[in-house]
Amino acid sequence: MEKFALGNRIRDARKARGLTSEELAELCGIGAVHIRKIEAGTKLPSMPLFVKLCNALKVSSKFLLQDSVESDVIDLHG
């Protein structure tokens, strides 16, 4: 996963919602420093935190990950 692309998408979604990093952190139950590290691409969120971020930002996981998914991913449903 490209940490920088994910962090940029999270930051862009946060700003589009008019939230500060402190407000997003509060919605997710974590510290603002952790949010800033994720947005900077120095940390990846855990899966539970990723779900909280999607819900708080009102975006799909697909939206946040779209630049990170490889084009040759095997379709398990096809």
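At roughly what angle do the axes of helix 1 and helix 4 cross? The axes of helix 1 (residues 3-16) and helix 4 (residues 47-57) cross at roughly 30 degrees and come within 10 Å, where axes are lines fitted to C-alpha atoms, for helices over the stretch in contact, and angles run from 0 to 180 degrees between N-to-C directions. This is a predicted model, in which local features need pLDDT of at least 70, side-chain atom pairs count only at pLDDT 80 or more, and totals for chains, interfaces and linings use all residues. Residues are numbered from 1 along each chain as its sequence is written, and side-chain values use heavy atoms, with hydrogens and water left out.

**Packing of helix 1 and helix 4**
- Helix 1 and helix 4 are therefore roughly parallel to each other (angles under 35 degrees count as roughly parallel).
- Leu6, Ile10, Ala13 and Arg14 in helix 1 are in contact (heavy atoms within 4.5 Å) with Phe50, Leu53 and Leu57 in helix 4.
- By class, the residues of this contact divide into six nonpolar, no polar and one charged.

- Leu49, Phe50, Leu53, Cys54, Ala56 and Leu57 of helix 4 are buried (under 20% relative accessible area, with a 1.4 Å probe and protein chains only).
- The cover over the buried residues of helix 4 includes helix 1, helix 2 (21-28), helix 3 (32-40) and helix 5 (61-65).

**The loop at Thr20**
- Thr20 lies in the loop between helix 1 and helix 2.
- Thr20 and Ala32, 12 residues apart in sequence, are 9.0 Å apart in space, C-alpha to C-alpha.

Methods: Helices (H or I, at least four residues) and strands (E, at least two) are DSSP runs, numbered from the N terminus. Angles under 35 degrees count as roughly parallel, over 145 as roughly antiparallel, 65 to 115 as roughly perpendicular and the rest as oblique. Ala, Val, Leu, Ile, Met, Phe, Trp, Tyr, Cys and Pro count as nonpolar, Asp, Glu, Lys and Arg as charged, and the others, Gly among them, as polar. Buried means under 20% relative accessible area, exposed over 50%, partly exposed in between (1.4 Å probe, protein chains only).
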